[in-house]
Amino acid sequence: EPLRNLPRAILLGVFCVIAIYLGANIAYVHVLSAPVLAATTTPAADVAQRLAGEKGAQGMSLLIVISTFGFMNLSLLSAPRVYYAMAADGLFFKAVARVSPRFKAPTLAILLQGALASLFALSNTYDRLLGYAVFADWIFFALAGVALMVFRSRRPDSPRPYPTPLYPITPILFILAGAGIVLNLFVADPRNALAGSGIMLLGVPVYFLWRRVGGGAA
């Protein structure tokens, strides 16, 4: 029953992540103190070193590397499907929409994602790349909340298998939170915010140029 179980699984996962993050931050402050935590760039390894020595710090660093590979797996599963969908809709190169007859996956889209990720990794530091990702993510997270309200207004007769609690307060609060995070990035890291804005805004003329020249035939 995906209409019932998927939202439940997502909500349960979100609450678990919140609990883990809060617990980790409480541990950081308790072990390191607030001034030390504000000054360090490796809080998890520092806490592990305080509690278990150098071996503990090395073990924590290894766990962080493993976690990074887990996130890379997520990126390789999700982002190429966006390229694939764009190509299938005639908004990107048609070859990207091809599915491997052997693996039943959009192989070229996955290779494209890997190549782009490699270029980004070679061109900038981790902190900068993370700043780009957070900035772009929260813009589109907020727009997803806007889209929910737009669709509910334009399609009042569409089925509502899973109601939004306290609608429209919930999406409005989410949109405001997302907008606040994006605006804060302009204050805290204007260079990254402006660079990310420029990259995304470049997509607008590229989109209209693609539509004009009939990019679906490419």
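**Close-up views of a predicted model**

**View 1. Helices α5 and α6 cross with their axes within 9 Å of each other.** In this predicted model, the angle between the two axes is roughly 155 degrees. Angles over 145 degrees count as roughly antiparallel, and α5 and α6 are therefore roughly antiparallel to each other. The crossing of α5 past α6 is left-handed.

**View 2. Residues of α5 meet residues of α6.** On the α5 side, the contact includes Val134, Phe135, Trp138, Ile139 and Phe141, as well as Ala142, Gly145, Val146, Leu148 and Met149. On the α6 side, the residues include Pro171, Ile172, Phe174, Ile175 and Gly178, together with Ala179, Ile181, Val182, Leu185 and Phe186. By class, this contact has 18 nonpolar residues, two polar residues and no charged ones.

**View 3. Helix α7 covers residues 190-213.** It has 24 residues, and the distance from its first C-alpha to its last is 35 Å. This is close to the 34 Å expected at 1.5 Å a residue. Buried residues in α7 are Asn192, Ala193, Gly196, Ser197 and Trp210. Their cover includes α5 (126-154) and α6 (169-188).

**View 4. Pro163 sits in the loop between α5 and α6.** Its relative accessible area is 55%. Because the cut-off for exposed is over 50%, Pro163 counts as exposed. Gly131 is 32 residues from Pro163 in sequence, and their C-alpha atoms are 33 Å apart in space.

**View 5. Helices α1 and α3 pack at an angle of about 55 degrees.** Helix α1 spans residues 2-32, and its axis is 10 Å from that of α3. That angle makes α1 oblique to α3. The two helices cross in a left-handed manner. From α1, Tyr28, Val31 and Leu32 take part in the contact. They meet Pro43, Ala44, Asp46, Val47, Arg50 and Leu51 of α3. Seven residues of this contact are nonpolar, none is polar and two are charged.

**View 6. Ser61 belongs to helix α3, which runs over residues 43-88.** Ser61 has a relative accessibility of 34%. Ala177 is 116 residues from Ser61 along the chain, and the C-alpha atoms of the two residues are separated by 32 Å.

Key
Residues are numbered from 1 along each chain as its sequence is written. This is a predicted model: local features need pLDDT of at least 70, side-chain atom pairs count only at pLDDT 80 or more; totals for chains, interfaces and linings use all residues. Side-chain values use heavy atoms; hydrogens and water are left out. Helices (H or I, at least four residues) and strands (E, at least two) are DSSP runs, numbered from the N terminus. The expected span of a helix is 1.5 Å times one less than its number of residues. Buried means under 20% relative accessible area, exposed over 50%, partly exposed in between (1.4 Å probe, protein chains only). Contact means heavy atoms within 4.5 Å. Axes are lines fitted to C-alpha atoms, for helices over the stretch in contact, and angles run from 0 to 180 degrees between N-to-C directions. Angles under 35 degrees count as roughly parallel, over 145 as roughly antiparallel, 65 to 115 as roughly perpendicular and the rest as oblique. A crossing is left-handed if the near helix is turned anticlockwise from the far one by less than a right angle, and right-handed if clockwise. Ala, Val, Leu, Ile, Met, Phe, Trp, Tyr, Cys and Pro count as nonpolar, Asp, Glu, Lys and Arg as charged, and the others, Gly among them, as polar.
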